Amino acid sequence: MQDGRAPRIRNRAPAAIQITAEQLLREAQERQESTFRAPKQRVEDFEELHEYRGRKRKEFEERVRRTRGSIKEWTQYANWEASQNEFDRSRSIFERALDVDPRSVQLWLSYTEMELKSRNVQHARNLFDRAVTLLPRVDQLWYKYVYLEELLQNVPGARQVFERWMQWEPDDKAWQAYIKMEERYDESDRASVIYERWIAVRPDPRVWVKWAKFEEERGKLDKAREVFQTALQFFGDEEEQVEKAQAVFNAFAKMETRLKEYERARVIYKFALSRLPRSKSANLYAAYTKFEKQHGTRSIVESTVLGKRRIQYEDEVSQDGRNYDVWFDYVRLEEGALRTLREEGGTKEEEDAAMERVRDVYERAVAHVPPGQEKRHWRRYIFLWLEYALFEEIETKDYDRARQVYRTVLNLVPHKQFTFAKLWIMAARFEIRQLDLMAARKMLGTAIGMCPKESLFKGYIQLEMDLREFDRVRTLYEKYLEYDPTNSAAWIKYAELETALEDFTRAEAIFELGVSQASLSMPEILWKAYIDFEVDEQGDREKTRSLYERLVVLSGHHKVWISYAEFEGSSIPLPRAMREEEEDEDAEPRVVAGDPELARQVFERGYKDLKVKGLKAERAALLESWKAFEQERGSESDVAKVEGMMPIIGRKQHVDKETGQVVEDWELVFADDEREANPRSFKFLQMAHAWKHSQAKKSGGTGILSGFTPATTSVPESTQNDDVRMEDRREQDDSHSDVASSDGE
């Protein structure tokens, strides 16, 4: 303990007597010191009472002298005098306080409360009279005054107080309180007169509605209608005035609905909606929609819902005219209304009006031309024009108007900066549907001449293909390839056309011309199509072999070598000349078998080529394909030979030049590379492996050396374990080795 360390506890057993938390709290409470309490003073006789009162008055006088403006001190002083039944003194103190601050509402209320507690009602009335005379804008004093008179059952006196109050034109709560007092005493006529005076002072729609509702509740329906009609005459028929009186119209219509006067209510709603713009009558329209859903017919309900949605769309497009998604929804709404009208058998005039509404929406929508000359701003806008043209063609059958729509939008688009192939193609197909083929061809020819585009060529070619104009298709393909000779897909499609037309010489010439191009976008698909053509259509193995030889010279990719080898080992159809000699079409087509030896030679050539280029991952991928080929077509020795060439994954350490730290990398190690680079260490490794293999056979183990792992994929993975193991192919490789094992076997 002397060095400041905590004492060492030797006995950790629990104590015999345990102390609970309750005991601790109780002891803490008992040991707390008691708070100081002032002694109670008892008054035994009048002398002591006079002495006590004198002392308290002296204290209060000192306090009000020091803080003369504190109403709280005056109030406490006066209330203490009242508690001593010294009411004259209390009134004197309150009067002195009122001399200090005559506009203190709290002081007046305390004064009147003191008088009421002492049952001095007349004094309280006099005080309230003085207070409301001095402070007529303080509603609390008026409410207290009225409450006092009504509490004393002096209803005429309370009414007189209200009349004095109403002369000051107070807020709506005061008028409402006056009316409720009259209602409590069943003075409905007086209340109606008060409503009329209230309207004269404050003619708000809310007050008109309350008056009419009051008349309706007491059964004066004619009077309620008269109130509403007077209100509507007061507000007038102008747009701003009708907008202000929406609540009156709504309440008037709801009253007529409650009275089951549905036609009256419908007329009121329509009168108000006809004089208000849609953007300002959303609430009124919602009420009208609800009314029609409950009491209207199906057609009326649908037209009401349509009108409500029109208001919503109009509001949105007024905020942003270039929000084309809203225009699309608006157009679909109007087109749906037109189709519904036709299904229900509307009149000709109604259909024409619906068509005009659709056209009006389309015209307003396309009038909002996108800003700038960027194509991304025009994409949604162009579809508005296309929908417009289709509407005129399909729904209205007005073909001249549809043609005019197409021409207008074609003149509107800045084709020098960008164009829309879909627009040209749809316009051309419209002309074809109108049996004007020359106009369609002229339109597409103009498009290709003005703004050539891949999708334009494709659309024009497909059009001529549908018309079976193959000479024109050939011409279009030639123009297409002149425009973009690097497009491999175009060369393939052109050759497929000639193949379908059984002009194989032209198809072969097209393929040859395509692969001879200096640059192609995707040359591999063109070469593959050319090779597939020679194999499937021509059945010419020599020609295909020459194509593969040319391709491996150009690319040398490992996939090309793999495909070349698989071609040599697989069967292909007979040459076309021999196929044409066969007359039996129902018999299975004969094929020419492949040569596995030639395939192995191609695999070996590819392996050596990739080895020279130093492409280890590609060599591993080629060996995987070679191994799969030998497993399917070769013998066990052939498979073992390929497995002996498979790489293993090894670790290699080197110093990073930037950081100076030793970095460990994974790499593919091939047996032939090790044999050539380190022949002695490779021999030693073979001997060690042979010994390990023999020991494993004796003990029944696997015989796999630690520190190596077989490469099962074409590329090494960084997530391999630290203990890398040698592949089984080294076991077979060592079994063919002429090096003896260390135990003399």
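Predicted model: local features only at pLDDT ≥ 70, side-chain atom pairs only at ≥ 80, totals over all residues.
## Helix α10

Helix α10 runs over residues 188-201. At 1.5 Å a residue, its 14 residues should span 20 Å. The end C-alpha atoms lie 20 Å apart, so expectation and model agree.

Six named residues of α10 are buried: A191, S192, I194, Y195, W198 and I199. They cover an arc of only 160° around the axis, which puts them on the same side of the helix. An α-helix has 3.6 residues a turn, so residues three or four places apart point the same way. The cover over the buried residues of α10 includes α9 (172-184), α11 (205-217) and α12 (221-235). D189 and A200 are exposed, on the face turned away from the buried side.

## Aromatic pairs

The structure holds 35 aromatic pairs. One of them joins Y362 and F391. Their centres are 5.9 Å apart, with 35° between the planes, and the pair is tilted. It links distant parts of the chain: Y362 belongs to helix α19 (residues 348-366), F391 to helix α20 (residues 379-395), 29 residues apart.

W378 and Y381 form another pair. Here the centres are 5.6 Å apart and the planes stand at 85°, so the pair is edge-to-face. W378 and Y381 are buried too. Ring pairs also tie W378 and Y381 into a cluster with Y324, W385, F418 and F420.

## Charges over rings

F420, a member of that cluster, has the charged end of K375 over its ring, 5.0 Å from the centre. Elsewhere, the charged end of R541 sits over the ring of F567, 5.1 Å from its centre.

Notes
Residues numbered from 1 in each chain as written. Heavy atoms only, no water. Helix = DSSP H or I, 4+ residues; strand = E, 2+ residues; numbered from the N terminus. Expected span 1.5 Å × (residues − 1). Buried < 20%, exposed > 50% of the residue type's maximum accessible area, 1.4 Å probe, protein only. Arc of directions from axis to C-beta. Contact = heavy atoms within 4.5 Å. Phe/Tyr/Trp six-rings, centres within 6.5 Å; stacked < 30°, edge-to-face > 60°. Lys NZ or Arg CZ within 6 Å of the ring centre and 35° of its normal.
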